[in-house]
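Let's take a walk through this one together, starting with a pair of helices and moving on to the aromatic rings. Have the structure open as you read.

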Amino acid sequence: MDFKITVLITTTVINLGLALIIYFKNRHDRINISYSLIVLSVSLWAFTNITSITSKTSFLAKFWSVLSYMSAIFIAAGFLYFSLVFPKSLADLQKYHRKIILFSVPLMCILVSIPGFTIKNISLYPWKISTGPGLFIFALYFFFLMGWAFKNLGSKYRKANEIEKTQLKFVLWGTSISIVFGSLCNLVLPLALNNYNFVWLGPIFTLAMVILFAYAIVKHRLLNIRVIATELFTALIILVFLTQTLLAPNITQLLLRGGMLILVIFFGALLIRSVLQEVKRREQIQVLAQKLEKANKQLKRLDEAKTNFMNIAAHQLRTPISGVKGYLSMLLEGDYGQLQDQQKEIMKKNLEATDRMINLIDVFLDVSKIEVGRLKLIKEEVRPENLISGVIEQLSNLAKKRGLSLKFIKPKKKLSKLLVDPDKIHNVIMNLVDNAIKYTEKGGITVLAEEKDNKIYIHVKDTGIGIPKKEVSTLFQKFSRGRRAVINPSGSGLGLFIVKQLVEAHGGKAWVESEGKGKGSTFSFSLSITKVKKEETNE
């Protein structure tokens, strides 16, 4: 078989296959219907090109050539309608377009079929066509409809979302490739240079439009393209084996090839079925992923709202409570007259309660700053021993009241300086020692510091209630408290969370070790020693 004929037959089969597959995917969708009509017209164009160049008589060549021009008219009209409904309808232009299509298509078909008006004569050897003035009218009409369709798609592109823009790009690129090269082979070269050697290439370039249109239609469900490709590939193989079977030279070959055809159909069906199942599973996963993404966004919004509320509420609460603390201090100091001993004791308790409330608000403020990433570190060089000693001095009275010992075992050699935010690290040590005092009923708390591997390690060891191993991994989480923490019900569950966040903000690590219930605990953290130039420090 001639190479040109083989290529054109293959093009026709591919186009017909895609037209049928897309149509039966959704027979009620206007996009699928309009696409199928375009592709059927393209298939007719390719088929009439085959028959016209292989005709044995001039009459048949003219007949098929007229049908070829008619199929091109249907391509342009179909593309115009496609531009109306893809990817969304243009309701205000719909009736106007329909009237143009319904009136002009039959008229142009009549014009191209008038003997001698569009096609004057066809020479078979070599194949050559003589055209009349109808060809120019045909060309003007064809490019008029195509241009109008491009205008519609261009207007939609400017208003489309990202997915629709991607779909429209495929449509515009596919159509542009087909029109440019198809017109060059079937109009420009024949009219301008009287060269008909390449007219058979025109239908082949339509594959760009047909394939990219199909991809654009299923772009919102990209996995379907696998199904379409598998179905088309299977159909082509079956067609090849069917052709070979029908052309069998004898009964033996017929049976052999027929058996092979049955096997191909069977395994092709299995292949399509497996691809469909895979697509279905992936689509389900995609739906679940979209739902999960939506849920995550909602959770993020709720978390941000909660953090903002906490931040605002903490600020609003801190101001009046600070005022209350000021007045209580003034009353206790006798600024408004001397108080009796019983009154002073009550004022002291109120003042302590106010301090606890302010500390709790400060904790919430720190948490909100950490969560929104607004925690600022003002670093300077400090001695770790000085930070620890300051905390021991502040909390020694509290430890004595509970009958506990509190001591700091200083290292024999001075520790290297740390480049840290002193207030934040002071809060870390304060939190750990204060926690140790709260959860220790007898014995005491020992603070140790050591330097090794270019790091400073600080340990707060107590003889308290201990921590079960299953609770160690969750202890530094937000609002997490051990089951035995009921001995101090006033805790917020945020202290250790803040400790961990502040240490990690300095590039360090915080952890806890405990041998179990009633055997005490050791809370530790480490910070790297950072060398800086003298002028970069605040000392």
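Helices α2 and α3 run roughly antiparallel to each other. This is a predicted model, by the way. How do we get to that description? The axes of α2 (residues 30–54) and α3 (residues 58–85) cross at roughly 160°, and anything over 145 counts as roughly antiparallel. Those axes also come within 8 Å of each other, and the crossing of α2 past α3 is left-handed. As for what sits in the contact between α2 and α3, there are 16 nonpolar residues, 10 polar ones and one charged.

Now for the rings. The structure holds 10 aromatic pairs. One of them joins F63 and W64, with 5.1 Å from centre to centre and 70° between the planes, an edge-to-face pair. F63 counts as partly exposed at 41% relative accessibility, and W64 is also put in the partly exposed class, at 22%.

Next, look at Y69 and F138. Their ring centres are 5.1 Å apart and their planes meet at 75°, so this pair is edge-to-face. It links distant parts of the chain: Y69 belongs to helix α3 and F138 to helix α5 (residues 134–159), 69 residues apart. Buried or exposed, what is Y69? Y69 is buried, with a relative accessible area of 13%. F138 is buried as well, at 4%. Both rings belong to one aromatic cluster, formed by Y69, F138, F142 and F143.

Definitions and conventions
Residues are numbered from 1 along each chain as its sequence is written. This is a predicted model: local features need pLDDT of at least 70, side-chain atom pairs count only at pLDDT 80 or more; totals for chains, interfaces and linings use all residues. Side-chain values use heavy atoms; hydrogens and water are left out. Axes are lines fitted to C-alpha atoms, for helices over the stretch in contact, and angles run from 0 to 180 degrees between N-to-C directions. Helices (H or I, at least four residues) and strands (E, at least two) are DSSP runs, numbered from the N terminus. Angles under 35 degrees count as roughly parallel, over 145 as roughly antiparallel, 65 to 115 as roughly perpendicular and the rest as oblique. A crossing is left-handed if the near helix is turned anticlockwise from the far one by less than a right angle, and right-handed if clockwise. Ala, Val, Leu, Ile, Met, Phe, Trp, Tyr, Cys and Pro count as nonpolar, Asp, Glu, Lys and Arg as charged, and the others, Gly among them, as polar. Rings of Phe, Tyr and Trp (its six-membered ring) pair if their centres lie within 6.5 Å; planes under 30 degrees apart count as stacked, over 60 as edge-to-face and the rest as tilted. Buried means under 20% relative accessible area, exposed over 50%, partly exposed in between (1.4 Å probe, protein chains only).
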